[in-house]
Amino acid sequence: MDKKSRTHKSILNAKVNLAFFLLNTLALFVSRKIFLEHLGADFVGLTGTLQNILGFLNLAELGISTSVSYALYKPISQGNREEICRIIAVFGLLYRRVGTFVLLAAAAVSLFLPLIFQKSLFDLGIIYFAFWSFTASSLIGYYVNYKQILLQADQKNYVVTAHFQTVVLIKTLVQIATVSYIGSLYLWIAVELLFSIVYSVAINRKISSTYPWLTAEISLGKRVRSQYPELIRKTRQVFVHKMKDFLLMQSDQILIFAFVSLKMVAFYGNYTMVIGRLTTIFNTMLDGIVAGVGNLIAEGDEEKIYRVFWEMVFVRYLIAGTACFALYQGIQPLICLWLGEEYLLGSVMIVLLLANAFIMLSRGAVDMFNFAFGNYGDTWAAWAEGTINITITIAACSLWGLPGVLIGKIVSLVPIIVVWKPLYLYRTSFRRSIWHYWKNVGLTLACFALAFLCATFCARLLPLNPYGGYIEWAAYCLAATLIFLMLYLSGLMLLTPGARPMLQRFLQKKHR
């Protein structure tokens, strides 16, 4: 196996993710505007809703890839190729069974599509074609692409990113051309399926060249599956947590469709796309570190593990605060300039969106270490969070409509993600006082609040109008965010334990 350092691989993952993020963000924003203009908000809402329905069918997968990644860390660090082949073969077997389930479930759900979309503006032909095309794309991942998990566990996620994002970029450009010059909905959907096949061929060729010794056939998985009872047990535990995460994060569009309208799915999707693009790049850059943390924990140096944990807490809260401040200053002007005033949502929605984004970004360090330690035994917490979310969301949507979706999320996140998960990590793995965590997180939040207020006041004094055009908008957001970042980072450097060690690590790596 490759012996490059964890830090080197993490930085390489981050660089590749950043490069493709910039390219695909530009393509995504241009394509979203073109698709809304040529295809309409209803069609964009339809495809989003169909993909979320398919997401429910994919619930059977949840937990398998996570538990297999956890199982791979030790044999990867030891260079045990035979063990790696066996684990991935078991993974392929499980994924094939999931694919079969998804296919059968999709066939059952398809019987109800006329009822689900009885008020839709589109005929059933296009609805069925889109649904089965998306289903086929999903099945390719289960039946063919399962070996790519080794790249992710081996901290080579940049290979997956480079192949996947290149295909996505080309696909988006082809769809833009298709919409602009032909305007066929069927062709637009067919391009989605075609490029799923292209990606599958490309990534499997790369895996074969990177790991020519990898022989992880399904037949091997059938023979050795009984040797991995711990893998099956972890999968069942992780499944409960992942199912909850899906309900919390991916059911928005279905609930909005049910309680508001199909068109509002597209309106809400514009904001979540902007927020998602900003948060996803940070998550994907930092998620590349997960495998490194897993290998670090396998080495067993408790003091080093705890020190790295606080460095990750610092990074996560720095990103969460900076991203949310930038979004607060720039998202409304961006939507107005990009799509028009008619697509703007109210200020209450903005506050709720950003509160949710802050929690989801800042939680990453605790989640990363719980994952690396294999802490999934608190399945009750997943059920509790999911129950709170669904109950509050349905009640709040009935009363307040669109804001209810986010109210349900935030109310369920606070007791479980914000309060319980750190306590679980400290009790199970660190075996230290949780008050050390809350003292430092409290100081971090105080730094954020103070920097937010001061930077917001300073931003109002800037001689720039963010609604005056893209260049003025970019200059305003950059200036305001830099003011916030300097204030926030200064406070974190003075008051929090992970800030200075992380900055020193970054500077040392830069000067090598």
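**Rings and helices**

Searching the whole structure turns up 29 aromatic pairs, where rings of Phe, Tyr and Trp (its six-membered ring) pair if their centres lie within 6.5 Å, and planes under 30 degrees apart count as stacked, over 60 as edge-to-face and the rest as tilted. One of them joins F267 and Y343 in a tilted arrangement, 4.8 Å centre to centre with 35 degrees between the planes. This pair links distant parts of the chain, 76 residues apart: F267 belongs to helix α13 (residues 262-287), while Y343 sits in the loop between α15 (302-338) and α16 (347-362). Helices here (H or I, at least four residues) are DSSP runs, numbered from the N terminus. Both F267 and Y343 are buried (buried means under 20% relative accessible area, exposed over 50%, partly exposed in between, with a 1.4 Å probe and protein chains only).

Before going on, a word on the model: it is predicted, so local features need pLDDT of at least 70 and side-chain atom pairs count only at pLDDT 80 or more, while totals for chains, interfaces and linings use all residues. Residues are numbered from 1 along each chain as its sequence is written, and side-chain values use heavy atoms, with hydrogens and water left out.

Now look at Y437 and W438, an edge-to-face pair at 5.2 Å centre to centre and 80 degrees between the planes. Y437 counts as buried because its relative accessibility is 4%, whereas W438, at 28%, is partly exposed. Both belong to a cluster that ring pairs build from Y306, F309, W310, F369, F373, Y426, F430, Y437 and W438. Over the face of Y306 lies R432, 3.8 Å from the ring centre (the criterion is NZ of Lys or CZ of Arg within 6 Å of the ring centre and within 35 degrees of the ring normal).

On to the helices. α15 packs with helix α17 (residues 364-373) at an angle of about 145 degrees, their axes 8 Å apart; axes are lines fitted to C-alpha atoms, for helices over the stretch in contact, and angles run from 0 to 180 degrees between N-to-C directions. Among the residues making this contact are F309 of α15 and F369 and F373 of α17, with contact meaning heavy atoms within 4.5 Å.

Helices α6 (residues 124-143) and α9 (residues 185-210) pack at about 5 degrees, with axes 9 Å apart. That angle makes α6 roughly parallel to α9, the word used for angles under 35 degrees.

Key:
Helix = DSSP H or I, 4+ residues; strand = E, 2+ residues; numbered from the N terminus. Parallel < 35°, antiparallel > 145°, perpendicular 65-115°, else oblique.
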